[in-house]
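Grab a viewer and a pencil, and let's work through a few exercises together. Try each task yourself before reading the solution.

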Amino acid sequence: MERTTVDLYEYQGKQYFARFGIPTSPGGVAGTPEEAVTQGDAAGYPVVVKAQVKVGGRGKAGGIKLANDAGEVRERAGEILALDIKGHRVHRVWVEHASDIAREYYASFTLDREAKLHLGMLSAEGGVDIEEVARTNPDAIAKLHVDPVKGLDEPTARIWAEQAGLVPEALDQAAAVLVKLYTCYVEGDCDLAEINPLILTTDGRVHALDAKVTLDDNAAFRHPEWAEYAATETEDPRELMAKEKGLNYIGLSGTVGIIANGAGLAMSTLDVVNQVGGSAANFLDIGGGANADVMAAALEVINADPAVKAIFVNIFGGITRVDEVANGVVAALDRVDIRSPIVLRLDGTNAEAGRAILKPHLSDRVLAEPTMLDGARRAVALAGGTPS
Ligand code: GDP
Ligand code: MN
């Protein structure tokens, strides 16, 4: 049978750990800077804001930042949510109460297929890439084979922790955490349960600062609750918001937000933005109805995406008349406080009337261009790309 695995995000891993009593810092997940503030307020300041992507080395990539108050959380979360870490677009952050670290350890359980035993790895040199430790200083990793029939008890775990060189004051708590991690690994049907770093705080508490959990998909039949992990694979907070508003939206990783009427025109708009050296932040087709409600909803969704630096509204009036669209845009501008400059290209049925409606509202934040190509160039330039 083919073996498939499910990697969890750190926040899911920590929630998984919590079921088995493994201590973590109080925190919560957020998809927007405002949600991050709510989580920060709940966790208590200072907090760390951490990018939720399934790659290591997030700190070095700017994906882990400290914040001392609500304002800082909003800023740091906005920055991190706009990041792309090693090709992984950040859609969520984990916000947790910051820890004062005295020691950083490494702990994990996985299966040693050759030995047909579980393998625990424990090191006093945690916090860094464990493969690096294995290469440069293999003696710093204490390995323990665990017989699945006998399991692991605290006295054995304590001796193991001593051998790994954990400081004496950490031993009792570390032993308890190791037994819980083993239980999580076995009963939770993990292929890997890893804590790096497992920390000792300056006030003497041992807990998991990070979580890496890989589930064994062959055991999925025992875990109906795992369905939520499959769901988060495609869950993009922007797409969820758009779905709630009934919009046909697909999140992309660029900086130019796009609104067009008709799927064909939306696709061509993406192409033209790319051709002139920009990148689209989304695909968004508002369809036939472009009234104020639809336009306001579309602008709100795009506005919530921190990566967007400029918005290009590209409408070709047919059945939907351009003057109606223009009224929609004007009403939407009244209702939504738009962060980015907007470039509008309105053409087709009643285009003259539409442009006239828009004219008094034009500024250096709301611009009109006569053609799709001009509009794309202008939007890309405003987004900070160099239009060609
Ligand atoms: P990874 O690098 O992607 O595995 O992310 P981690 O969650 O392991 O965090 C990387 C590093 O950030 C840790 O080893 C810590 O040094 C630091 N860090 C993370 N959370 C905290 C915190 O609450 N307080 C302090 N002082 N450092 C933290
Ligand atoms: Mn880590």
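A polar contact here is a pair of N or O atoms within 3.5 Å; within protein, one must be able to donate a hydrogen and the other to accept it, and residues adjacent in sequence count only if both atoms are side-chain atoms. A bit of housekeeping: this is a predicted model, where local features need pLDDT of at least 70 and side-chain atom pairs count only at pLDDT 80 or more, while totals for chains, interfaces and linings use all residues. Residues are numbered from 1 along each chain as its sequence is written, chains are lettered from A and ligands numbered from 1 in the order in which they are written, and side-chain values use heavy atoms, with hydrogens and water left out.

**Exercise 1. Work out which residues come nearest to ligand 1, and which polar atoms lie by its oxygen atoms.**

Step 1. Start with the shell, where a residue is near if one of its heavy atoms lies within 4 Å of the molecule. There are 15 residues around ligand 1, and Lys-50, Arg-58, Ser-99, Glu-104 and Asp-210 come nearest.

Step 2. Now look at the oxygens. Arg-58 puts a polar side-chain atom 2.8 Å from one oxygen atom of the ligand. For Asp-210, a polar side-chain atom lies 3.1 Å from a ligand oxygen. Asn-196 uses its backbone instead: an N or O atom there is 3.1 Å from an oxygen of ligand 1.

Step 3. Check the cover. Ligand 1 has 560 Å² of accessible area on its own, and the protein covers 76% of this (Shrake-Rupley method, 1.4 Å probe).

Step 4. Trace the shell back to the fold. The elements giving two or more residues to it are β3 (47–51), β8 (101–112) and β11 (190–201). Helices (H or I, at least four residues) and strands (E, at least two) are DSSP runs, numbered from the N terminus.

**Exercise 2. Find out what the side chain of Glu-10 makes polar contacts with.**

Step 1. Ask about burial. Glu-10 has a relative accessible area of 4%, so it counts as buried (under 20%; exposed is over 50%, partly exposed in between; 1.4 Å probe, protein chains only).

Step 2. Pick out its partners. The Glu-10 side chain makes a polar contact of 2.7 Å with the side chain of Lys-50, and another of 2.8 Å with that of Arg-58. Both partners are also among the residues that come nearest to ligand 1.

Step 3. Widen the view to contacts (heavy atoms within 4.5 Å). Beyond four places in sequence, Glu-10 touches several residues, including Gln-52, Trp-94 and Asp-210.

**Exercise 3. Decide whether Ala-51 and Arg-74 are buried or partly exposed.**

Step 1. Take Ala-51, which sits in strand β3. Its relative accessibility is 0%, so Ala-51 is buried. Among its contacts beyond four places in sequence are Arg-58, Ile-80 and Val-93.

Step 2. Move to Arg-74 in helix α3 (residues 70–81). Arg-74 is partly exposed because its relative accessibility is 37%.

Step 3. See what Arg-74 touches. Leaving out neighbours within four places, the list is Pro-33, Glu-34 and Val-37. With Glu-34 there is a side-chain to side-chain polar contact of 2.7 Å.
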